[in-house]
Number of protein chains: 2
Amino acid sequence: MHVVIIGGVAAGMSTASKLKRLDESIKITVFEKGTDVSYGACGLPYFLSDLIQEEKSLIARTVEKFKSQGIDVYINHEVIALDETKNTVKVVNNAINKTFDVAYDKLVIATGAHAIRLPVDNHTLKGIYTLNSLEDGRRLKKALQDKKNQRIAIIGGGYIGLEVAENLLIMEKEIIVIEREERLLTKFAPFISDQIKKTLQKNHIQIYLEETVKGYEGKGNVSKVVTDKAAYDVDLVIEAVGIKPNTEFLKDTTIKRLKNGAIITNENMETNIDNIYAAGDCVSYYHRQLKTYDAFVPLGTHANKAGRVIAEQIAGDKRQFDGVLGSTVLKVCDLEIARTGISETEAIAHNIPYDKVKITAKDRAGYYPDATPIEIELIYHTENCQLLGAEMLGNKGVAHRINTVAVALASELTAQEYSDIDFAYAPPFSPVYDPLQVATNQIKCIKKKEGINHEK
Amino acid sequence: MHVVIIGGVAAGMSTASKLKRLDESIKITVFEKGTDVSYGACGLPYFLSDLIQEEKSLIARTVEKFKSQGIDVYINHEVIALDETKNTVKVVNNAINKTFDVAYDKLVIATGAHAIRLPVDNHTLKGIYTLNSLEDGRRLKKALQDKKNQRIAIIGGGYIGLEVAENLLIMEKEIIVIEREERLLTKFAPFISDQIKKTLQKNHIQIYLEETVKGYEGKGNVSKVVTDKAAYDVDLVIEAVGIKPNTEFLKDTTIKRLKNGAIITNENMETNIDNIYAAGDCVSYYHRQLKTYDAFVPLGTHANKAGRVIAEQIAGDKRQFDGVLGSTVLKVCDLEIARTGISETEAIAHNIPYDKVKITAKDRAGYYPDATPIEIELIYHTENCQLLGAEMLGNKGVAHRINTVAVALASELTAQEYSDIDFAYAPPFSPVYDPLQVATNQIKCIKKKEGINHEK
């Protein structure tokens, strides 16, 4: 059997590695358009500031390592077309500009995504960067290390933009963030957007909301960002306005995609075409709460998990991908922000009867040194009282706590069931009621559980 | 209705507060033997070292506060007998040595426990302390503040003993720990005991295992601890060898108790006698995995939760106590140690077919600064592949992670179901696979789940 994998980063290489471990006899060929494979793209913001100094720290495994495991990896090889009726892909070796066809028995599309560039005036000026690939990171880091590049505009107040902002602070840059929506981090609840804004402003980052970039000005290099409201002098621009799946090469195929180009997959990570799988930033996932197939949640965790599912499916195991919950965590300066499950916006969009509670509680026993508040908003189903989602913000103790809710959502627990779980407690780590249980205790819609009535 | 509550600390006052909120019309009388109510006993080790300076920080609510809420609290009032046929208790006002009977409609026994004293030679010497009540803490703190008391022996290497040891280090005492078993923290797995021992020794604490204290020597004050193997010069002794439920006053009643005196309760926190409830350190709880009623797990979390269940039961709600999982977390110097669920010892004792995996993984992305290892041992049911328990040790990121397993145990998840959950991830907080998912991914007994087969 010949398995062809298009793309050599998280999803592609997870598939390749796992599949080789499961069945050494399978021939695996990986075509990677760029020069880098198997790197941790989530570390890129920290690479900029030298929190992560060495590029090689980000690389999980080298091409040589994969080759030594019997996986054929070709870098600089771009797949430009698929013929799903003949089971072949058309590959260009960009190093020597040579095109050839390759036949597959199973195809794995793991082409990832690319950063969206704003199609605005003078967008071809130099000094405008994005941060999606390791190659992007390398170029941007070099530019930021140039002391002349002091005034930095970040376009986009999503999580990549804010992680970059945090790292530019470490580099002592002057930073402005321009966001076209009315708040930062629009995928989070408004109370989180507000706190983040305050924290960034406290750190002397200028925030401009509800401003749309119309274009750039400059001679050769960008020197000004022009919005619908103002113009800002800058030395360098980082656009962080989202990503688009690398699936343009599928435009003449029958593979089903979302409007943004993301390939629609099922629980087996199969596309709608037999023997063609897909995973990573180029796909939409099954959402386990909404029970929809259009969740575009391009995160490294899903790429890795879904990649392994493909390997197990190809190797004959029926293991499935359980779907996403929308879990996210983010560090911005001294804040930890996290969410999981359905947001209020999603509940409304999907006509889910919901209500919410909002509490603030200390991260540890109030009497223990350095206790700090955690703000929590929970939303729950008003008919069956199941938890639907949680959003949290605090200085400490947020990042791992959110995952207790992720497990609860995966298990479809009610608020009361969650409240009653025996959480580990000691004063340095938690109040006697964990903050999340303080929150679930507030939920008044208590669905009576069927009596436990164990034999006594 | 008249509800009489015996005991004014965690369980008793949780019942009282919650019940008053649920039904203001109910008359509530609390008899507390000592002088303190509603304090956080778990904070006592940190009170010794002045990490928590003020005694009042430990007190959640004062007697006056409870009285202002309409709860009649009597301190220095000891209940010395119960007549369950007449629905009365016999109370002594120890301040004036007056005895009287009180009738109840519902009785709540929340008398807690007391520290066990070793019945060894010269145990009545001065300078031998325990740490269970606030009164204990007050006396011990005063003694420790005396610079003459420099060489301290802690008898017992359980979690109270070790939390005290950590705080004595802060006070720059010379510390020895004597434990009769072959390892510290016998309720944890051996790999944890070993690491704890190394950490304490690195901090210049002398550890003596498999030594049984035979007696003390001294003139007036203790000056020597004599074991079956050696003798140690000391200025002060802290016995931390366990606690015993304060249920001696029930000896002439028909209330069922364990051998150690703990009152057996059901999911409603009822005793075997109608209208008599019990909660806190004086009871045994339902264990939700073992489905037994003899779990003596005297922790503040259970006291609080069970106290509220009693209030809801009395107020007519059928909310139950879901039972304990044995979740525990502990800080010892720079280590976080945690466990939940069934230990290997318990699995063997209950004839549960189990196997285990042991892994080490970083607490955050390996490339992010200050990543430190977490050791994890998971045990799982070999027939249905459900998770049974977890034990973890590391410098960071242990305390809250353990609760994701607690939720999984409460939800009876298999290893695979846990592996597939969408955990929030960012490099400062976790590797792309959470350490616990690294562990569950190792579990080879993959029970095939029924296909999800959602409509596409």
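## Core and model basis

Of the 68 residues in the largest nonpolar core, Leu378(A) and Leu378(B) touch the most other members. Such a core is a set of buried Ala, Val, Leu, Ile, Met, Phe, Trp, Tyr and Cys residues joined through side-chain atoms within 4.5 Å. Here buried means under 20% relative accessible area, exposed over 50%, and partly exposed in between, with a 1.4 Å probe and protein chains only. In soluble globular proteins, nonpolar side chains tend to be buried together. Setting aside neighbours within four places in sequence, Leu378(A) is in contact (heavy atoms within 4.5 Å) with residues including Val357(A), Leu387(A), Ala390(A), Leu436(A) and Ile443(A). Asp355(A) and Lys356(A) are also among its contacts.

This is a predicted model, in which local features need pLDDT of at least 70 and side-chain atom pairs count only at pLDDT 80 or more, while totals for chains, interfaces and linings use all residues. Residues are numbered from 1 along each chain as its sequence is written, chains are lettered from A and ligands numbered from 1 in the order in which they are written, and side-chain values use heavy atoms, with hydrogens and water left out.

## Interface of the two chains

In the interface, 82 residues of chain B are in contact with 82 residues of chain A. The two chains bury about 6900 Å² between them, 60% of it on carbon and sulfur atoms; this area is the accessible area (1.4 Å probe) that two parts lose on being put together, summed over both. Tyr367(B), Asp422(B) and Phe429(B) supply 11% of the area that chain B buries against chain A, more than any other three residues.

The rule finds 2 salt bridges across the interface, a salt bridge being a side-chain nitrogen of Lys or Arg within 4 Å of a carboxyl oxygen of Asp or Glu. One of them joins Asp420(A) to Arg319(B), with the closest N and O atoms 2.9 Å apart.

## His400 of chain A

His400(A) lies in the loop between strand 26 (387–394) and helix 9 (401–410) of chain A. Helices (H or I, at least four residues) and strands (E, at least two) are DSSP runs, numbered from the N terminus. With a relative accessibility of 13%, His400(A) counts as buried. Apart from neighbours within four places in sequence, His400(A) is in contact with Gly397(B), His400(B), Arg401(B), Thr404(B) and Phe429(B). Between His400(A) and Val30(A) there are 35 Å, C-alpha to C-alpha, and the two are 370 residues apart in sequence.

Strand 13 (residues 213–219) and strand 14 (residues 221–227) of chain A run antiparallel and are joined by 6 bridges; two strands pair if DSSP finds at least two bridges between them. Val213(A) has Thr227(A) in strand 14 as its bridge partner. The two strands form a hairpin with 1 residue between them, and Gly220(A) in the turn has a positive phi of about 80°.

Strand 14 also pairs with strand 15 (residues 231–233) of chain A, in the antiparallel sense over 3 bridges. Lys224(A) stands opposite Asp233(A) in strand 15. Strands 14 and 15 of chain A form a hairpin with 3 residues between them.

## An open sheet in chain A

An open sheet of 3 strands in chain A has the order 18-20-21, with mixed pairing. Strand 18 (263–264) and strand 21 (292–295) stand at the edges, each with a single partner strand, so one side of each is left without a neighbour in the sheet. Strand 20 (residues 283–287) pairs with strand 21 in the antiparallel sense over 2 bridges, and the bridge partner of His287(A) in strand 21 is Thr292(A).

## Two helices

Helix 7 (residues 300–314) of chain A has 15 residues and reaches 21 Å from its first C-alpha to its last, close to the 21 Å expected at 1.5 Å a residue. The expected span is 1.5 Å times one less than the number of residues. Helix 7 of chain A is mostly covered, with 15 of its 15 residues buried. Just after helix 7, Gly316(A) takes a positive phi of about 105°.

In chain B, the 12 residues of helix 5 (residues 159–170) should span 16 Å at 1.5 Å a residue, and its end C-alpha atoms are 17 Å apart, which agrees. Buried residues of helix 5 of chain B include Leu162(B), Val164(B) and Leu168(B). Glu172(B), just after this helix, takes a positive phi of about 60°.
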